[in-house]
Amino acid sequence: MSTTAAEFIDLYFGKLEELGIPYVIIHSYQTLPQDVASDIDYAVHDLDLPFLTAILKELGRQHNWAVAQSFQHGVFAYYNVLSSLDDPSQRLLLDACSNYARARRLLVPNEVLLEGRRRYGPYWVPQPRAEFIYEATKLFDAKKKDPAKYLPKLRTLWKQDKEGAETLFNRAFGDTGRTLEDWLKQPPEEWHRLRELMLGRNRFGLWLLVRESIRVLKRVLHPTGMQITLLGPDGSGKSTLIELMHENLGVFFRRSKFYHFRPMFFEPPSDSKTVTEPHGKPAYGMARSVAKLLYYFLDHWAAYILKLISLKVRSTLIIFDRDFDDILIDSRRYRLSSSSIPLARVLRKMLPKSEVTFVLDIDPVKCHARKPELPVSELERQRRELRALAASDCRYHLVDSNRPAKEVATSVCGSVVGLLLQRHVVEQ
């Protein structure tokens, strides 16, 4: 019988206790273990923090779970996404910290978070004063959250330990000109003044700046983002698949980015228009076709060096609906002369590749029924070309797109999670 996410989370925190690692689940512990859909934020001592991923991996091996994504997103913070190998829909998002730090400021020391920890059901949770200062400083981190959403909870926590909350508030924010009780009576918009006061203090010293630089270097050398391409004719289901991929894969990445065919690095962003007559205009001459190919080539490289690498370092899921490969499949869509295709083949080999390209294979008659812009004979030709392309490289996966959209998405997303698991094993 497979281990559910609720069962695994109990096993994990039980394991920390067994190993003598003090922890606190910082917030939203009231709904555990029933609700594990969102991030579980917890804190440990700084010396214990680097061992958590290894503990999760070992526990996962015992219960057929695996760490699919893991990265250090702060000097004192590690993020792990786990997936059940028996049931991939069972997932856990564990965000661990020791000291709470943001924007190169050390805001809440781990001693504060762990001091006087108390039981809440089977879990350890922080004292109200510690949970208060965590929420109060988190309100003013780089995300610029809305104070109106935080104030009711802050007032509740403050009432449970007014003196303790006041002490920690003054330590984090300094002299604000008001008591904490006065601040809690102020309207939400007044609280924005506290952000500047907090960020003016608590800056990293030299040693923490060095540690931050080392962390960033590791992220650059081992980016946790992924670039994925979808190839297929109009009507093969790419748009629906992209929506389902964002929905199903979002938990494994910090953000996502979508591109249609090319990054358009040299052009301002614009709303993509639906192409209703992909072969409606005549091809350019040889000179203009070559110029266009070179422009596309430079656009891809410039974006890769100056944008895409950075996105992957920041754990971004990058999805391309078509890419340079599509020129070989349907050059008429781009109004390129047939005589320029040999150059396109050469340039393609010099471009950086997506980690995986999914080639959507669909019956031409069915595709034509969905999108009748191209004749069945042309769709049959493209299908042959796409299949040949898929067979040319292990990074290309042929996907049966004749199935219902959710089945296609399950297959594609399962392959992506599998690649994440393989990547994580290789990097161990």
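Predicted model: local features only at pLDDT ≥ 70, side-chain atom pairs only at ≥ 80, totals over all residues.
Local features need pLDDT of at least 70 and side-chain atom pairs count only at pLDDT 80 or more, while totals for chains, interfaces and linings use all residues. Residues are numbered from 1 along each chain as its sequence is written, and side-chain values use heavy atoms, with hydrogens and water left out.

Q: How many aromatic pairs does a search of the whole structure find?
A: Rings of Phe, Tyr and Trp (its six-membered ring) pair if their centres lie within 6.5 Å. By that rule, the count for the whole structure is 21.

Q: Is the aromatic pair of F71 and Y79 stacked, edge-to-face or tilted?
A: Planes under 30 degrees apart count as stacked, over 60 as edge-to-face and the rest as tilted. The centres of F71 and Y79 are 5.3 Å apart, with 35 degrees between the planes, so the pair is tilted.

Q: Are F71 and Y79 buried or exposed?
A: Buried means under 20% relative accessible area, exposed over 50% and partly exposed in between (1.4 Å probe, protein chains only). Of the 428 residues in the protein, 49% are buried. Both F71 and Y79 are buried.

Q: Which residue has its charged end over the ring of W124?
A: A charge sits over a ring if NZ of Lys or CZ of Arg is within 6 Å of the ring centre and within 35 degrees of the ring normal. For W124, the charged end is 4.0 Å from the ring centre and belongs to R117.
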